[in-house]
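Biologist: I am new to this structure. Please show it, and then let us go through it by question and answer.

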Amino acid sequence: VAKGATDTHVRDKIHNVWNRYEAKKSVVVETEEAEDIAEFMQSDAKVEWIVDGIVAKNTIAFVVGLPESNKTWLCMDLAVEAARGGAWLGLFPVKPVKTLFIDQERWRGETKRRFQALLRAKGIEGLVRGGLAVKSGSSIKLDLEQSYNAFVRLLEKIRPELVIIDSLATFHSKEENSRSEIQSVMEKVKQLREQFGCTFLFISHSNK
């Protein structure tokens, strides 16, 4: 192979690698200055609630507990009541919001059985179409680019105001005991929260 051809090949390789690196970089530079407390308190920003005093709009929240402590049932009940604007656990009024429930812990049949049991116990024949979407048996991983992009497309299609995910441990492939790795996952969640203006509620096992 001629020396000139080899040089050209090497330059092309370096160029391609550099371009791929540049495309994937995502550096956010904070340019806003801090506000004086007097100005800050005059801001018209206010908290809006899905469940007053418990679950706010445009936030990231967690339901944490030991295994077999009925965390999933608790959150399924919230999904149903949020979809119809009822009362969570029969106690806490819930504003009606479009809800997406993602169950990555169970197969489709078990998730269906649980929702059927809840609706039957509440005497509900069915929910208004479009109020509650269910994705079961999925394997979304926020830290994997292809999976993340597919999830973004799902959110774009449904435009939920509340996303309930069972569970946090299944929603990424990072090391859960690594603060830096989990932080990178939560940064992805924060980006999605800002992009879609929705609340993310994760079920999390306290022993994981």
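Biologist: Is Asn 58 buried, exposed or partly exposed, and what is its relative accessible area?

Modeller: This is a predicted model, in which local features need pLDDT of at least 70, side-chain atom pairs count only at pLDDT 80 or more, and totals for chains, interfaces and linings use all residues. Residues are numbered from 1 along each chain as its sequence is written, and side-chain values use heavy atoms, with hydrogens and water left out. Buried means under 20% relative accessible area, exposed over 50%, and partly exposed in between, with a 1.4 Å probe and protein chains only. Asn 58 is therefore partly exposed, with a relative accessible area of 34%.

Biologist: Where is Asn 58 found, and what is its phi?

Modeller: Helices (H or I, at least four residues) and strands (E, at least two) are DSSP runs, numbered from the N terminus. Asn 58 is found in the loop between β2 and β3. Most residues other than glycine have a negative phi. Asn 58 has a positive value, near 60 degrees.

Biologist: How confident is the predictor, and what is the mean pLDDT of the protein chain?

Modeller: pLDDT is the predictor's confidence in each residue, from 0 to 100. Over residues 20-27 it stays under 50. In the protein chain, 84% of residues reach 70 or more, and the mean pLDDT is 89.

Biologist: How many helices and strands does the protein chain have?

Modeller: The protein chain has 208 residues, of which 36% count as buried. Its secondary structure comes to six helices and nine strands.

Biologist: Why does Leu 162 count as buried?

Modeller: Leu 162 is found in strand β8. Contact means heavy atoms within 4.5 Å, and beyond four places in sequence Leu 162 touches residues including Ile 50, Leu 78, Thr 99 and Leu 201. Leu 162 counts as buried because its relative accessibility is 0%.

Biologist: How far apart in space are Leu 162 and Thr 99?

Modeller: In sequence, Leu 162 and Thr 99 are 63 residues apart. From C-alpha to C-alpha, the two are 4.8 Å apart in space.

Biologist: Which peptide bond is cis?

Modeller: Most peptide bonds are trans. Ser 167 lies in the loop between β8 and α6 (179-196). The cis bond, with omega near 10 degrees, is the one from Asp 166 to Ser 167.
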